Each structure stands twice: as C-alpha cells, then as structure tokens.
Amino acid sequence: MITCGITGHKGNLGKKFIKIFDKIKYDKFTGDISNKKHVEKWLYKKKFDLILHFASIVPTSIVKNNYKKAYKVNVEGTKFLVDSVIKYQKNIKWFFFASTSHVYKSSSLKIRENFPIKPVSKYGLTKFDAENYILKKLKSKKIKHCIGRIFSIADNKGKEFLIPSLLKKFKTNKKNIEFQDLNHYRDFITTKQISKIIYFLWLKKISGIINIANGEKIFLKDIALYLGKKNNKNIIFKDNKKTTKIIANIDKLRKINFKTKKLKFVEFFQ
C-alpha cells in the first residue's frame, strides 16, 4: 500500500484528494506547520512513499492583511518541512508542493512555466519564495520533487473566494445586482481535476515545475451573467480600467498524456 504524508488535509484540495484516492494510506499532519518541532516530530521515524504539501494560507485578502502570519505558514513552514524531509525522509520517492498561478503576471499569451515571474499578489510572493527553497534544497539532495502551479479553482469554498462571493450577492432581494472588476479572463479547474492530475504526476514521478490548469480562458463576466440568468437578476458591471489574462499553457501536461476537459459553469457550483 502507498503511504502518503499529507499537510493541509482539512483544506478543499486535501479533502477532495483523500476522498477520491481512498486506497492510499494517509498520515495526516495535525500540528502547526510554522512550528519546526511539530514538523520534525511528524516526520521522525516515519517512512513515506510520497508527501503532498497542501498546507497554506490561501485567500489573497487574508494574506495581504496578515502577511507576517502568512509568511510563517507558507514560506517558513515549507522550509521546515523540506529540511525535515532531507533529515528524516531521504528515501522518499516523491515530494509535491501546491503552488499557484499567482506567481505569474497577466499575459496576452498562454503562460508557460518558464515565463518571467512577477507575483500578482502577496500570496503569490510567498509561494514563489517557497518554490525557490524547494528547488534549491531538494535538487541538491537528489530528492524527486514536483511543483504544481495551480490556476483558478472553480469550487473553492469560503467567502473570500470568487465564486462564493458572487453567489452571496445573488441572495439579496434586489432585482439589479452590481459587480465591479470582473472584466478579466482566468483559467478555471476543479479540485477533482487537480487531484487527478497530481495523482497522475505521482504515478509518472514527474519532476520540476508544471502548470495545473485546463488551458481554457473564461471571462469572469460570463460567470456573473450565467448566475444572473439562473436567478432572474439584472447584472450591472463596473469595469476595472485594465483587463487581465492569466491562462495556462498546458503543453507539459499534454506531453505526459494527461487529458483535460473544458469545464461547464454548472461544475463551478457543485
């Protein structure tokens, strides 16, 4: 049986991965990832086939408002984990880190993994700092590792995320609903799809950085219009001055024969 150490098992992605791949034996990290002793205690005298590092403070608004805490979790926590892997898990077969498309800047082209890095948020900055540490340390120790830059998650829960915030607005009794700053294009993917991609990457023991996305652009306004029609509401838009596009080039996924599928709006709300 495959033995997997997993951080962030209570998060949206962690819960979905465990639910789908229930034949794996999981050892769930339940401590404080920003506490070095907690991390070392978890990995001491264990023998994992792989480690999935999902633990993170994600909502950009929360990271922005408490950057010090987010840095401790997203960056220092990752450093503690990587150092402990090197110390106690030298024979691990694969290490996966859940990063983000927030490390990229807007581009008119589909974004490849080797595009210039310019984090669009403080959250993206923490993830990029963590990426650099992983690449530096695990490469030098020849530990197989993969960094998945995950694009927009369609079924994220929590009021801080896009879809739940849109749904909340439709609960009002008002006939006319106003939305601001939705004149942007994003590349959406579900936690189910992400989980399947990560598992596929594990089976292939893929190393390096890879975009995890559908490679399809979705206009945020279209999501609001879809909800407006379903809820019999009139939609009023107030645009941001600049339209942005963060869409993935997924040639790397295609080269290892993973087939993605275009999302339907209904899947955003499941």
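F95 touches I51, H53, L81, V82, V85, I134, L138, K144, H145 and C146, leaving out residues up to four places away in sequence; a contact here means heavy atoms within 4.5 Å. The structure is a predicted model, in which local features need pLDDT of at least 70 and side-chain atom pairs count only at pLDDT 80 or more, while totals for chains, interfaces and linings use all residues. Residues are numbered from 1 along each chain as its sequence is written, and side-chain values use heavy atoms, with hydrogens and water left out.

F95 belongs to strand β4 (residues 94–100). Helices (H or I, at least four residues) and strands (E, at least two) are DSSP runs, numbered from the N terminus. With a relative accessible area of 0%, F95 is buried. Buried means under 20% relative accessible area, exposed means over 50%, and partly exposed lies in between (1.4 Å probe, protein chains only). F95 and G5 are 90 residues apart in sequence, but their C-alpha atoms are 9.5 Å apart in space.

Helix α2 (residues 36–43) shows how burial can be arranged along a helix. Its residues V39, W42 and L43 are buried. Seen down the axis of α2, these buried residues fall within an arc of 90°, so they line one face of the helix; the arc is that of the directions from the helix axis to the C-beta atoms. Which exposed residues does the face of α2 turned away from its buried side carry? They are K37 and K41. The cover over the buried residues of α2 includes β1 (3–7), β2 (25–28), β3 (50–53) and α4 (67–88).

The two ends of α2 can be looked at in turn. At its start, a side-chain oxygen of N35 comes within 3.0 Å of the backbone nitrogen of K37. This is a polar contact, that is, a pair of N or O atoms within 3.5 Å; within protein, one must be able to donate a hydrogen and the other to accept it, and residues adjacent in sequence count only if both atoms are side-chain atoms. After α2 comes K45, which has a positive phi, near 60°.

Most residues other than glycine have a negative phi. Two further residues have a positive one. K205 is not a glycine, yet its phi is positive, about 55°. K205 sits in the loop between α7 and β10 (208–212) and is partly exposed, with a relative accessible area of 26%. N232, also not a glycine, has a positive phi of about 55°. N232 is found in the loop between α8 (220–230) and β12 and is exposed, at 56% relative accessible area.

Strands come next. Strands of a sheet pair through backbone hydrogen bonds, either parallel or antiparallel. In this model, two strands pair if DSSP finds at least two bridges between them. Strand β7 (residues 176–180) pairs with strand β12 (residues 234–238) in the parallel sense over 5 bridges, and F179 stands opposite F237 in β12.

A separate description applies to an open sheet of 3 strands, with the order β11-β8-β13 and mixed pairing. Its edge strands, β11 (218–219) and β13 (245–246), each pair on one side only. Strand β8 (residues 185–186) runs parallel to β13, and 2 bridges join them. Y185 stands opposite K245 in β13. I246 is also in strand β13 and counts as buried at 7% relative accessibility. Apart from neighbours within four places in sequence, the residues that I246 contacts include S101, Y104, F151, Y185 and D187.

Empty space remains to be considered. Rolling a probe the size of a water molecule over the atoms shows where empty space is left. On a 1 Å grid over the protein atoms alone, a cavity is a set of points where a 1.4 Å probe fits but cannot get out, and a pocket is an open set with protein on both sides within 12 Å along at least five of seven lines; lining residues have an atom within 4 Å of a point. Grid points are joined across faces, edges and corners, and a volume is the space filled by probe spheres set on the points. The largest cavity holds about 40 Å³ of space, and F188, N214, E216, K217, I218, K262 and L263 line it. The second largest pocket has a volume of about 270 Å³. Of the 16 residues that line this pocket, T190, K192, Q193, K261 and E267 lie nearest its centre. Helix α7 (residues 191–204) gives the most to the lining of the second largest pocket, with 5 residues.
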